[in-house]
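Here is a colleague's note for a student who is reading this model for the first time. Please keep the sequence and the 3D view open, and work through the points in order.

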Amino acid sequence: MRKSWSTSAFRFESNIAARRPLEGGSALKNWFSSSAIAAAALAVALSLTSVPVAGQWSKTHPITAGCPSPAAGFHPCALGKAKTFNPSKTPDGQPDLQGIWEAPVAMGFQNIEDFPGDPSPGGFGPAITSIVDPPDGRVPYQPWARAQRDENVAHYIDPYAQCLPTSVPRQMANFRTREITQFSGYITIVNEAGGHIYRVVYTDGRPHVGPDIKLWMGDGRGHWEGNTLVIETTNLNGRAWFDSEGQFYSDSMRVVERLTMVDVNTIHYQATMDDPKVYTRPWTMVWPLERIKEKGYEQMEEACHEGDHDAAGFTLGGFKPYFGPRFPK
Amino acid sequence: MVQAVLFSLASVPAAGQTQTATETGAVRRTAEGTPDLSGIWQVMNTAAWDIQDHPAQKGVPAGQGVVEGNELPYLPAAAAKKKANYDNRATADPETKCYLPGVPRITYMPYPFQITQSQKQVTILYEYVHAVRNIFLGTPHIKGPIDWWMGDSRGRWEGNTLVVDVLEFNDETWFDRAGNFHSDALHVVERYTPVGPDLINYEATIEDPKVFSKPWKMSMLLYRHKEKNAQILEYECFSF
């Protein structure tokens, strides 16, 4: 957990850990402690100790809603089930997606592509790709962009580790929970973790804000296609990553998300990214969102930047702050 | 008649008086009949710089205070700390580090916020650093002590007023740039009372026996954003 419940609130963090045990996740801590920046990074490491590492989750959580958890299996299986599932409706007739959701098998926090695992001490374990299109499970980068992604990993700080907002679609994959609430004319998605983040997605047909307005969380507009909530997001600032491994986009990206109930406790979540400045073609990720079933569950305060002062530590370790793609001249 | 109108306009509340306002038109209500506070709101005052009466300075507009009676009942040691805070405010104010500004300060930061409302919960989404407050209705406080920047908020309806009891603060936020401060014993009771379709009377009672000799109160108006395209954008303070 990030050092959000800072200082004396650590006792409270242990309460939360007790009520909602998560597995794995010590990889980052070990990685940092083996480095010269251990002290400064300790805050980050502490903050991440309860992050589920995707590779481990795919072993401990192999089945979701009766489907294989990894994207390639979950995607066709869950959409098949959704065809015969009739979700309950809100009073004004929308399919009811409301609730508090987590994404335990999502790769969003670690690596969105297949990843063999990092053999160095404390390196990330293996991950299974969340990409269902293209079929090879790889981001269809333009050649310069693939090279830049490698450079990002080697030399730049994951903006998320600096407590900057997750952006989209990582908001739907990061650890801890997000609450979806539907109102007349808009839908809110409010996260517990990720550096106090939320989105207000308007469903009243209003146009996007002007193109000069760039936002960490983008400008989302929603509509319904049958039982599927479709959210189109533009106006992103292009400063965030998809994962901890440097996967990136530009401020021209347009994301189309599709949220479909598979059963009463599962959403098939799909995000298609289109960014001609960076990719050769649009590409799509899929992961399950699972309902928190605990009665009376409440999302609590996460105050990341307020507790973490890790940017200096990263800088000492030779990593640079990331300010967006470095386009070839 | 004209004279009467002029006279009534002239009777603006004096410094530090509790703001009271009325507005033509009925209070908006939900299907269940409770007042509907949902919408985008913002103050029109200078309390983020100083909650008390203050003259203009470079970058700071002059302003009438929002504190009832204007004076704050600091204990002697706390009064000295307030003065030191004021002298060092350019760097000592936690808000200059882009930290969550606490309650009630978040209400009168110069940024809009959006209230959403259901039967079990009122949520406030603030443009400033994507701050979020979940105000849970009809449930008890979490058993502390917890050091939260924005506290633990529990709400209830009293007639047309949403009363929010806030506990479990840390001691790391100030009330304003002028160095007015509190301890981790802070207890805030907020009262959101719609006085028309587009105006909320906001009051916050502050209790902190480690810093103040008695409770005190601030009040101000929240104005609804009525622009057709109004929506919350972003001010991610520490990203620049």
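This is a predicted model: local features need pLDDT of at least 70, side-chain atom pairs count only at pLDDT 80 or more; totals for chains, interfaces and linings use all residues.

1. Two residues are in contact if their C-beta atoms, placed from the backbone, lie within 7 Å.

2. Residues are numbered from 1 along each chain as its sequence is written, and chains are lettered from A and ligands numbered from 1 in the order in which they are written.

3. Helices (H or I, at least four residues) and strands (E, at least two) are DSSP runs, numbered from the N terminus, and chain A has 8 helices and 12 strands. A residue is called buried if 20 or more other C-beta atoms lie within 10 Å of its own, exposed if 12 or fewer, and partly exposed in between, with the C-beta atoms placed from the backbone. Of the 329 residues in chain A, 50% are buried. Among the contacts in chain A between residues at least 6 apart in sequence, 64% join residues at least 24 apart.

4. In soluble globular proteins, nonpolar side chains tend to be buried together. Here a nonpolar core means a set of buried Ala, Val, Leu, Ile, Met, Phe, Trp, Tyr and Cys residues joined through C-beta atoms within 7 Å. The largest such core has 118 residues, and those with the most contacts inside it are Ile267(A), Met285(A), Trp287(A) and Ala131(B). Strand E12 (residues 283–291) of chain A gives the most to this core, with 5 residues.

5. Which residues does each chain bring to the contact between them? Chain B gives 27 residues and chain A gives 27 residues. On the side of chain B that touches chain A, strand E2 (113–117), strand E3 (121–126) and strand E4 (132–137) of chain B each supply at least two residues, and the largest share, 3 residues, comes from E4(B). If Ala, Val, Leu, Ile, Met, Phe, Trp, Tyr, Cys and Pro count as nonpolar, Asp, Glu, Lys and Arg as charged, and the others, Gly among them, as polar, this side of chain B has 15 nonpolar, 9 polar and 3 charged residues.

6. Two strands pair if DSSP finds at least two bridges between them. In chain B a closed barrel of 9 strands runs E1-E2-E3-E4-E5-E6-E7-E8-E9, with mixed pairing. Strand E1 (residues 39–42) and strand E9 (residues 216–224) of chain B pair in the antiparallel sense over 2 bridges, and the bridge partner of Gln42(B) in E9(B) is Tyr223(B).

7. E4(B) and E5(B) pair in the parallel sense over 2 bridges, and Phe136(B) has Arg154(B) in E5(B) as its bridge partner. E5(B) also pairs with strand E6 (residues 161–167) of chain B, in the antiparallel sense over 7 bridges, where Gly155(B) stands opposite Val164(B). These two strands form a hairpin with 2 residues between them, and Gly159(B) in the turn has a positive phi of about 60°.

8. Most residues other than glycine have a negative phi, and most peptide bonds are trans. Please check the following places by eye. Ala65(A) has a positive phi near 55°, and Cys163(A) has a positive phi near 70°. Ala65(A) is buried, with 21 other C-beta atoms within 10 Å, and Cys163(A) is buried too, with 28. The peptide bond from Asp133(A) to Pro134(A) is cis, with omega near 5°, and the bond from Gly144(B) to Pro145(B) is cis, with omega near 0°.

9. Finally, Gly194(A) lies in the loop between strand E6 (186–191) and strand E7 (198–202) of chain A. Gly194(A) is buried, with 27 other C-beta atoms within 10 Å. Gly194(A) and Cys304(A) are 110 residues apart in sequence and 7.4 Å apart in space, C-alpha to C-alpha.
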